[in-house]
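Take a moment to get the structure in view, and let us walk through a few parts of it together.

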Amino acid sequence: MKPLTPVKSSDNPSAVKPRRKLLKAAVLGSGVMGSRIACHFANVGLEVLLLDIVPRGLNDKEIASGVSEASPAHRNRIVNEALQGAIKDRLNPLYNKDFATRISTGNFDDDLDKIAGCDLILEAIIEDLEIKKSLFDKVEKLRKPGSMVASNTSGIPLTWLAKGRSEDFQKNFFGMHFFNPPRYLKLLEIIPTQWTDPGLVDFIMNYGDQHLGKTMVLCKDTPAFVANRVGVFSLLKTLELVEELGLTPEETDKLTGPATGKPKTGTFRLCDLIGNDTTLKVKNGLANNLPNDEANALFNKTTVLEKAVEMGLLGDKTQKGFYKKTKGADGSSTILTLDLNTFEYRENQRPKLASLEAIKTIEDLKTRLKTLYKFEDKGGELTRRSAQAIFAYVSNRVPEIADDLYKIDDGIRAGFGWEVGAFETWDMLGVAKVADDMRAAGIKMASWVDEMLAAGHTSFYKVENGARHYYDIASKSYKVIPGSEGKIVLEYIKGTNKVWGNSGTTLIDLGDGILNLEFHTKMNSMGGEVIEGINKAIEIAEKSWDGLVIANNGENFSAGANLAMILMLAVEQEYDELDLAIRMFQNTTMRARYSSIPVVVAPHGLTLGGGCELTMHSDHAQAAAETYIGLVEVGVGLIPAGGGTKEMTLRMSDRYESGDAELNSFMNTFLTIGQAKVATSGFEAKQLGILRESDGVSVNSSRVISDAKAAALQLVAAGYQQPVQRTNIRVQGKTGLGFAYSGVYSMYAAGWITEYDLHIAKKLAYVMCGGDLDGTPLVSEQYLLDLEREVMLSLLGEERTLKRIEHMLKTGKPLRN
């Protein structure tokens, strides 16, 4: 079937000020996708109605407890169990467990009429056309006029679902395709039909970007839309080449994982994760629905997927697929791998390809890709031939599945977790060079690529005047990527806007009187160069600028202090140097708090130890929703000594003034630090007291820096005044020490903590209580900082602490004994 051309919209998530409202949403279907979409709607403050079918009969548990078929407990069992299962999932779909109260549940028979009060009704039931149409028949009768209706289908043409319905239904209907898990995978594909109101498309594109935090991709109503169409082609081409080249699953996953800018799951592990039967179903769907696609032979070709499914090796859902985890008699786990020749399991084998060895020490992705692409072994062959096939395929998908090439890259990056999209990868390898290779290999790319190169355009993307442009095929010129307004990418502006820098940091002019300090050490760890950078940035800002943002576009904000440097000084017993280093770090965080200009810190990703302490000492923190932040020093036998313990104690003291029970508040804060708790979102960080209620959270991580800049400007406009160091921090003294000691000794006696954990806990309590003081006196920030430093130095003088630090550096995990 030839796809219908969707309505045109501005295609710019930021261009239109929406007149619609979205306050309440209904999600119809509580399966893996529906329950988690409902949770993400709740994450962003929507009131959510989650519905599913009524069970066919009582189960054994209900019979035993005397539940009747008429009771809500039975009639809502499916939806309630699904929601609770989602909330308990290892990948928590909620930013904060309390957000679950925003979701009400029910069933299609008793509660479907409640959708009349909803602004958006999203269908997420089984992928069956007739069942979906039947549900939409009911929805059409009950919805209020003007309400948005969407389907989360991953493959059924939206036109088939909308055809024959009322004008109001059709103009408010569209595809809204989330990727699993909806909270974590950033892609949201929007698929209008020929009848969809362009204003609705603009609204939902804007809402998804601004409120749901998504990378929005406007798709054509074609099979598998954008991301799955390209991603599944890439996977199937890889499987074809693996069979031809004789590669093992381990070699393949290494080559198609982080080595080439893709997730750790690679290819075979990804199949196991998705489900080999599910992947095969998508493959067959492409084969049936795309008879004229140049890759139809590939979609129809038998692969190892068919054999695996035939043998019942479905992946994680059956605990065995291309990999299988087994447990030995001693309880240790072993990963077995499916031999692709015998289809029997064998021991996991470490890949030994020369190409993988050649890139082992190369950190830069572009250099790794170029090295692999030209390497003459099986690894190079897989990289080269799969890349050429993907490049040809995506070039031929414009404008079939999307009007612009950047949408295909956005889709594959946000939906499949690739660091760079297909066209971006082609740019890295050299468009002209690879095009020559493809011609020599008889691989046919789209004619527009030849025309682009002939016109002297050598790349699909370029950066000009601090903005990224893409090659627009229709106009044969470069255009700014729509929706990039309001999103600051430091890489695009640092070349022209650099103010100062050293080996670990760069100071960049963001405009409007605001500077930005970017870290670029390994894992953005905070060593001497970063400390120098923070102090220099504040010094420069205080002289000639209005404010400072500390942020970066890396994967993580900061993994914390440079432990290797600390270990080296401690092993060499350079205690004067250690004392100086700790003082410098404390002085730096305090300088961030007590400077004459506002300092805004924008954490995201991992923000641990020193990164957390710096965040806590900002005038305002603007955190990404996906921020994993905490004071984790106890895990290596230390305490937070860059002001973290002091700051948590100060905030605890302020809560006393607001009516918190003092010892209870003390114990909660003590356990937060003592158990090295890490908040799993910016919202949870507020609950733990790591972020303040006044701090901001940006759901869209690509907007964090621009939001941080806006916060700095607000502080300036409000007449920012340099604060005065605190001298009125209430501590618990001997009373608190007794309370803490009682708790940790009980934990030790119960076997919950080790003797060394007990030792660290007592040291931490000593600082938080202000030492063994009488009563509940008031102390200063400097007093607590001195205690932090004293305890930190004493711990660094202990051999067992050094062993913990060494173990962490070697394994990345804390030593548990």
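Strand S16 and strand S17 (residues 514-519) pair in the antiparallel sense, over six bridges. Keep in mind as you look that this is a predicted model. To see one of the bridges, find Ile508 and look across to S17, where its bridge partner is Asn516. Now follow the chain through the hairpin of S16 and S17: two residues sit between the strands, and in this hairpin Asp512 takes a positive phi near 60 degrees.

Next, turn to the other pairing of S16. Strand S15 (residues 498-501) pairs with S16, again in the antiparallel sense, over three bridges. These two strands also form a hairpin, with three residues between them. Here you meet Ile508 again, as the bridge partner in S16 of Lys498. So what can we say about Ile508 by putting the pieces together? Ile508 is a bridge partner of Lys498 and also of Asn516 in S17.

How many of the seven residues of S16 are buried? Strand S16, which spans residues 505-511, is mostly covered, with five of the seven buried.

For a contrast in topic, move along to the surface. There you can find a patch of negative charge, where Glu572, Glu574, Asp576 and Glu577 gather. Pick out Asp576, which lies in helix H26 (residues 575-593). Is Asp576 buried or exposed? Its relative accessible area is 69%, so Asp576 counts as exposed, the cut-off for that word being over 50%.

Conventions:
Residues numbered from 1 in each chain as written. Predicted model: local features only at pLDDT ≥ 70, side-chain atom pairs only at ≥ 80, totals over all residues. Heavy atoms only, no water. Patch = residues over 30% accessible without salt bridge, like charges linked within 9 Å, V, L, I, M, F, W, Y side chains within 5 Å. Areas by Shrake-Rupley, 256 points an atom, 1.4 Å probe, with all protein chains shown as cover. Salt bridge = Lys/Arg side-chain N within 4 Å of Asp/Glu carboxyl O. Lys, Arg positive; Asp, Glu negative; His and termini not counted. Charge placed at Lys NZ, Arg CZ, Asp CG, Glu CD. Helix = DSSP H or I, 4+ residues; strand = E, 2+ residues; numbered from the N terminus. Buried < 20%, exposed > 50% of the residue type's maximum accessible area, 1.4 Å probe, protein only. Pairing = 2+ DSSP bridges.
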